[in-house]
Amino acid sequence: MLTLLRDKLSGWFAKILFGILIFVFAFFGIEGYFVASHATWVAKVGGQQIGGQEFQDALNRARQQQLQNNPQLDPKFLDGNVFKQDVLEGLIQRQLLINLGGKLGTAVPDSLLRREIAQVPQFQVDGKFDPATYTAVLAANGLTPERFQEMERGDLSVQLLPQALGDGSIVTQSEVDGYLRLIGQTRDFSYVDLPVPQVTPSTVSAAEIAAYYKAHAQEYMSPEQVAVQYVDLSVDNVPAPPAPSAAELRALYAKNQSRFIVPSQYEVSHILIALPKNATPVQKAAALAQARKVDALAHAPGANFAALAKQYSDDLGSRNQGGSLGWLGLGDTDPAFQAAMVALKPGQISAPVLTSDGYHIIELQAERAGATKPFAEVKDALTADYIKQARSKEYSHIAGKLIDAIDSNPGSLEEAAKALNVPVQVSPLFARSGGTGLFADPKVTQAAFSGQVLKDNNTSDPINLSPEHLVLLHLARHVPAQPLPLAAVSAKIQATILAQRVAAAAGKQADALLARLKAGTALDILAKSVGASVQDIHAATPGMPNLDPALLTALFKLAAPAPGKSVRSAVDLGHGSYALVQLDAVHPGDVSKLPPEQREFIAAQLRQMQSGASVQAFLDALRRAAKIETAPDRM
């Protein structure tokens with residue numbers, strides 16, 4: 001659900017940050033054990049830490065997004081260092097912007113915050129923001145409205161400066177024309193697929209195989225492997241506690257009753273007369289005069305508040321809806337706005353109310369009284385929470401004791417595990433490239449081959465796979481890398497030597513024919529000399545079907561020929577295959593044939609590209625100016 005809450009953010013900045021949303025959950029006890037003896041930050045940006053839990057939350061979200069967009073994606077990529085580094089870079093960029101925003105004093109207006117929250121589909125009923133749904137969704141995810149608004153305000157604040165920078169991007173018509181000519185370019189060319197030459201000798205002697213094996217011994221080694229003893233401790237494999245008694249559930253209900261309160265709700269419309277930030281006295285006086293004028297119109301007999309909102313309100317988010325803000329709860333608005341709202345009765349309109357956004361004229365359309373959900377309705381949820389918290393607490397207890405025991409005696413994993421009645425398992429052999437299951441995780445593999453485990457024969461540091469899942473490793477067996485027998489790789493070496501012979505002969509043939517082509521021999525004569533034929537292609541495009549992609553890539557890298565001339569080249573197609581290419585003409589795209597709406601679409605795309613480049617340059621400059629430390633081993 002938390003993934004869905006932030007999916008509404010899109011565009012260049014969301015891409016830069018991978019749509020990153022960070023929700024930091026508290027968990028019981030184990031953090032204290034780790035902090036006592038292990039640093040947990042993965043990066044420091046200008047003195048501000050990015051914690052391990054913050055990084056893990058962002059990584060999990062990024063993984064979910066990638067798998068939603070591409071279900072066929074190899075999970076190993078999502079566990080790789082490249083992907084993790086991209087996620088960390090996004091967090092670093094976010095922290096750079098937060099730091100800069102703090103220095104500059106940038107702030108997110110309450111009106112923008114309300115509008116963004118109201119637009120989240122998960123908070124709406126029948127297309128309108130519903131406070132009860134809002135509160136329930138947040139509670140289900142362990143959040144209060146105040147905490148969520150704080151996080152939402154933080155996410156919006158990091159967009160303000162880059163968005164202002166990106167909005168200033170300008171693309172001229174000549175730039176659009178140049179781009180259209182380039183992407184619409186076609187090329188006329190001829191080519192000959194050269195046959196793969198026959199090589200002699202066509203066999204490889206045992207002496208040649210042996211010599212190649214000796215010269216390339218490092219290529220024919222069995223990989224270094226280890227097997228490890230390990231403890232796989234997760235909150236999921238901690239035994240479930242007994243179900244709570246009715247008295248315990250009643251006590252929980254009383255203690256957490258605020259979670260089950262459906263607050264009073266107010267259906268509100270408003271008219272905003274906006275004030276700029278740091279408004280002058282003249283601007284304030286003008287806004288107040290305008291607000292009083294609109295207020296008088298709204299209180300006049302027969303006045304249509306919705307029509308007045310459409311005519312006078314400066315709130316673009318609600319103006320076209322007649323000023324409607326939907327249903328609001330306590331804490332959803334500015335304190336001054338809220339005080340005026342709760343003082344009204346349905347059908348009443350307030351006098352102008354001053355907030356940081358400007359003057360509001362508020363109309364209360366309807367009110368719902370608050371209520372508390374009965375015990376019977378929340379009993380099952382309380383039971384689930386009780387069991388979850390009890391298991392989490394037990395996990396923290398066992399994990400903490402286990403880590404303390406390992407710290408006291410790092411040379412043995414079995415003793416500590418036995419004392420805490422935790423099973424020790426033994427893995428199959430696996431290489432540095434990883435094994436299966438738990439041992440496909442790069443963090444586990446990296447720890448298994450670390451000097452601490454492999455050379456010092458000590459138990460690894462805790463490997464945190466999630467907030468409540470850790471693994472500890474101890475070496476059980478080490479198999480060094482060693483040469484594979486010549487007999488096992490003889491056939492592979494023979495195929496390699498033959499392939500190298502073919503590639504060398506093919507390259508030599510292509511170079512000789514290209515020299516003759518450049519000297520003036522016609523392409524069709526050269527084609528006949530090797531038993532091939534000429535293919536003539538007109539108006540070729542980079543993605544033209546039925547043509548070798550390597551051929552097209554090389555073709556569109558060639559410089560345009562002078563009028564009446566040709567450009568000639570030999571193209572390596574791979575696997576001993578070559579083609580002779582003769583480029584005769586380059587035709588730029590015709591900009592006159594593009595409809596105006598498509599032209600504007602292209603211009604918008606170019607502006608977005610330019611905006612993204614400007615923002616990235618801005619972020620790069622911030623990064624160069626900041627002191628940044630990272631701890632890759634904690635990722």
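The briefing below covers the sheet, the helices across it and the contact between two of those helices.

This is a predicted model, in which local features need pLDDT of at least 70 and side-chain atom pairs count only at pLDDT 80 or more, while totals for chains, interfaces and linings use all residues. Residues are numbered from 1 along each chain as its sequence is written, and side-chain values use heavy atoms, with hydrogens and water left out.

**Sheet**
- Three strands form an open sheet in the order 2-1-22 with antiparallel pairing, where strands (E, at least two residues) and helices (H or I, at least four) are DSSP runs numbered from the N terminus, and pairing requires at least two DSSP bridges between two strands.
- Strand 2 (48-51) and strand 22 (628-630) each have a single partner strand and stand at the edges, so one side of each is left without a neighbour in the sheet.
- From one strand to the next, the twist averages 15°, with angles running from 0 to 180 degrees between the N-to-C directions of axes, which are lines fitted to C-alpha atoms, for helices over the stretch in contact.
- Strand 1 (residues 41-45) is joined to strand 22 by three bridges, and Lys44 has Glu629 as its bridge partner in strand 22.

**Helices across the sheet**
- Helix 4 (residues 52-69) lies across strand 1 and strand 2, at about 55° to strand 2.
- Helix 6 (residues 81-104) lies across strand 1, strand 2 and strand 22, at about 35° to strand 1.

**Helix 4 with helix 6**
- The axes of helix 4 and helix 6 come within 10 Å and cross at roughly 115°.
- Residues making the contact (heavy atoms within 4.5 Å) include Phe55 and Leu59 of helix 4 and Phe83 and Leu88 of helix 6.
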